[in-house]
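This report describes a single protein model for a reader who has not seen it before. Please look over the sequence and the structure before reading on.

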Amino acid sequence: YGPVDSRFGYGGGGITILRALTHLGIEAAVNPSYVFGPTYVVANPQDLPEDAAVQVNTRRNWVPEWELSHCLPDAYEHWKISRRVAWTMWEMDSVPDGSRLSEKAPFGDWPALINKHTERLIVPCRHNAEVFATCGVTKPITTIPYGLDTELWPYYERPERDIFTVVLFGDLTVRKGPKEA
């Protein structure tokens, strides 16, 4: 569950996760709708590489036994799933907790949502694991770094130089640090 759409950061990650599961021979299906703020976004199989597009499930009322929720925790309440593993991240030293941070970005109380609606949390780095645990997540936390699709982003040997390029991926919001970049 989550966006599988190249227009979103999580959506690009969702495509990569789906491709990886498919490559590993793990059967997966994408629930085609995703709550994005006040609206629903529908997964578009044409936006997916062929090996991932075959996994999109078009049954609107399909409820899986297990769900990998690769999205923000405020979406967990929208679907009643018997077993959920959450996969999310946050770029700051504290997560939205329904108070101070939520006034600027109304994401809800993440530790409470994770503790109530999931069996496990997956994060991409050790810093995230420490932050979520410190902020009150009591569910088991697993660190799985995001991979890099070398078909999309091949490595190029470049000569050493004094000038370098900073690439900032995602929304240009305060938590992404565009000013600092």
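The sections below cover the nonpolar cores, the salt bridges, the cysteines and a surface patch.

## Basis of the model

The structure is a predicted model.

## Nonpolar cores

The largest nonpolar core has 20 residues. Those that touch the most other members are Tyr-76, Trp-90, Val-95, Trp-110, Ile-114, Leu-121 and Phe-132. Two or more residues of this core come from each of helix H4 (110-117), strand E5 (120-123) and helix H5 (126-134).

In one of them, Arg-84 pairs with Glu-67, and the closest N and O atoms are 2.7 Å apart. Arg-84 belongs to strand E4 (residues 83-87) and Glu-67 to strand E3, so the bridge ties together parts that are 17 residues apart in sequence.

Are these two residues buried or exposed? Arg-84 is buried because its relative accessible area is 2%, under the 20% cut-off. Glu-67 also counts as buried, at 8% relative accessibility. Strand E3, where Glu-67 lies, covers residues 66-70. The side chain of Glu-67 makes a polar contact as well, with the side chain of Ser-69 at 2.4 Å.

## The other two salt bridges

Glu-119 and Arg-83 form a salt bridge through their side chains, with an N to O distance of 2.7 Å. Since Glu-119 sits in the loop between H4 and E5 and Arg-83 in strand E4, this pair ties together parts that are 36 residues apart in sequence. Glu-119 is partly exposed at 31% relative accessibility, and Arg-83 is partly exposed at 32%.

Another bridge joins the side chains of Glu-130 and Arg-126, at 3.6 Å from N to O. Both residues lie in helix H5, four residues apart, which is about one turn of the helix. Glu-130 counts as partly exposed, at 43% relative accessibility, whereas Arg-126 counts as exposed, at 63%.

## Cysteines

How many disulfides are counted? The count is zero. Cys-125 is partly exposed, with a relative accessible area of 30%, and Cys-135 is partly exposed at 26%.

## A nonpolar surface patch

Leu-148, Leu-152 and Trp-153 make a nonpolar surface patch of about 400 Å². Leu-152 lies in the segment that comes after strand E6 (141-143). With 57% relative accessibility, Leu-152 counts as exposed.

Key: Residues numbered from 1 in each chain as written. Predicted model: local features only at pLDDT ≥ 70, side-chain atom pairs only at ≥ 80, totals over all residues. Heavy atoms only, no water. Patch = residues over 30% accessible without salt bridge, like charges linked within 9 Å, V, L, I, M, F, W, Y side chains within 5 Å. Areas by Shrake-Rupley, 256 points an atom, 1.4 Å probe, with all protein chains shown as cover. Salt bridge = Lys/Arg side-chain N within 4 Å of Asp/Glu carboxyl O. Buried < 20%, exposed > 50% of the residue type's maximum accessible area, 1.4 Å probe, protein only. Polar contact = N/O pair within 3.5 Å; in protein donor to acceptor, adjacent residues only side chain to side chain. Core = buried A, V, L, I, M, F, W, Y, C linked by side-chain atoms within 4.5 Å. Disulfide = S-S within 2.5 Å.
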